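Please walk through this model with the sequence alongside.

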Amino acid sequence: MTTERGQHIAVLQSEAIAALNIKPSGIYIDATYGRGGHSGLILNQLDSRGRLIAIDQDAEAIADGEQRFATESRLSLYKRNFEALGAVASQAGVLGMVDGVLLDLGVSSPQLDTPERGFSFSRDGALDMRMDTEHGESAAIWLQRVTETELARVLREYGDERYAKRIAAAIVEARKNGSMNSTAALADVVKQAHPRWDHQRHPATKTFQAIRIHINRELSVLEAALTQSANALTKNGRLVVISFHSLEDRLVKRFFRTVDPYKDLPRHLPVPTGFQVAASFTLKALGKKMPGAAELAANPRARSAVLRVAERVA
Ligand SMILES: C[S@@+](CC[C@H](N)C(=O)[O-])C[C@H]1O[C@@H](n2cnc3c(N)ncnc32)[C@H](O)[C@@H]1O
């Protein structure tokens, strides 16, 4: 979606804020600052005793926060991967005291809309795809060295790409003739290799999604962040996650089920005492929300969004 550069169009924004059930004097973590849409709304509901810790692995996001909230003493910003959420909470002195954690996953509109970041097949730019450009390997470098088998696995597992083998072979063939270092070059190779083009969706959509998930280790960092978020919460603290593809949502759903001792009990029955799970915390899933028709019509990025919320009960 084209946006004014620098703006992020949030999905399920008011639903996420409502799900956090904000207490004016509470402590909150926005683990995906982006352009501060959610952070701003959380701060609006906090009084002078409240605190907000905001995390983002993207240096541009943090620079935005430092500028936008320069005089905001209730906010602390951390340029970190949220897989280190526990360490950040510890450093901020709030471990086990947090009233709400928000994870609004995926990439921001400014990341997508900046061609040099390499996330978009519709704008030509360097094939980078890292949310944190100071660490890790860019997509261009990875595509230079990956084996055809490994590439096909990534396209199949993270992109659910039916033609994974064919596309992987085409990429490996194309790189012999020069490096695969621009988004347009990659999109073109995929387009040529893809036997089906339905004109609704660019044939490189799934390939770009898969490579991005791989490059940013999106599933393993999410898994780490879920456990650490639950651990950082105080009793009755809320964990709110907005995910944008089924792989993420499945992981969140499974995590909430694993640490929800009430999951198999009828909702109206009292909870038996001594009902424990292996984790050092107990979460209760409170439900999920999806965007309504108006949001879906206004923002195509909302298409696959799912918000899930859980509360720490012990
Ligand atoms: C969808 S945007 C969040 C938008 C934000 N809620 C707002 O209202 O502006 C996702 C943001 O999370 C960041 N992000 C994604 N994965 C991350 C991770 N593992 N660690 C830290 N930040 C991450 C991205 O860099 C991006 O800025």
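In this predicted model, seven strands form an open sheet in the order β3-β2-β1-β4-β5-β7-β6. The pairing is mixed. Strands β3 (75-79) and β6 (283-289) stand at the edges. Each has a single partner strand, so one side of each is left without a neighbour in the sheet. From one strand to the next, the twist averages 15°.

Strand β2 (residues 51-56) pairs with β3 in the parallel sense, over five bridges. In one of these strands, β3, lysine 79 is the bridge partner of aspartate 56.

Helix α2 lies across β1 (27-30), β2, β4 (98-104) and β5 (233-243). Against β2 it runs at about 175°.

Helix α2 (residues 37-45) also packs with helix α1 (residues 13-20). The angle is about 45°, and the axes are 10 Å apart. The two helices are therefore oblique to each other. Their crossing is right-handed. From α1, the contact takes Gln13, Ala16, Ile17 and Leu20. From α2, it takes Gly37, His38, Leu41, Ile42 and Gln45. The residues of this contact divide into five nonpolar, four polar and no charged.

Move on to β5, β6 and β7 (306-312). Helix α12 lies across these strands. Relative to β7 it runs at about 20°.

Helix α12 (residues 246-258) packs with helix α11 (residues 218-232). Here the angle is about 30°, with the axes 10 Å apart. How are α11 and α12 oriented to each other? An angle under 35 degrees counts as roughly parallel, and α11 and α12 are therefore roughly parallel. This crossing, too, is right-handed. On the α11 side, the contact residues are Glu218, Leu219, Leu222, Glu223, Leu226, Thr227 and Ala230. On the α12 side, they are Leu247, Glu248, Leu251, Val252 and Phe255. The contact of α11 with α12 divides into eight nonpolar, one polar and three charged residues.

Finally, consider confidence. The protein chain has a mean pLDDT of 91. Of its residues, 92% reach 70 or more. Over residues 1-5, the pLDDT is below 50. That stretch has 13 contacts in the model beyond near neighbours in sequence. Over residues 271-278, the pLDDT is also below 50. There, eight contacts are made beyond near neighbours in sequence. Where pLDDT is low, predicted coordinates should not be read in detail.

Technical notes: Residues are numbered from 1 along each chain as its sequence is written. This is a predicted model: local features need pLDDT of at least 70, side-chain atom pairs count only at pLDDT 80 or more; totals for chains, interfaces and linings use all residues. Side-chain values use heavy atoms; hydrogens and water are left out. Axes are lines fitted to C-alpha atoms, for helices over the stretch in contact, and angles run from 0 to 180 degrees between N-to-C directions. Helices (H or I, at least four residues) and strands (E, at least two) are DSSP runs, numbered from the N terminus. Angles under 35 degrees count as roughly parallel, over 145 as roughly antiparallel, 65 to 115 as roughly perpendicular and the rest as oblique. A crossing is left-handed if the near helix is turned anticlockwise from the far one by less than a right angle, and right-handed if clockwise. Contact means heavy atoms within 4.5 Å. Ala, Val, Leu, Ile, Met, Phe, Trp, Tyr, Cys and Pro count as nonpolar, Asp, Glu, Lys and Arg as charged, and the others, Gly among them, as polar. pLDDT is the predictor's confidence in each residue, from 0 to 100. Two strands pair if DSSP finds at least two bridges between them.
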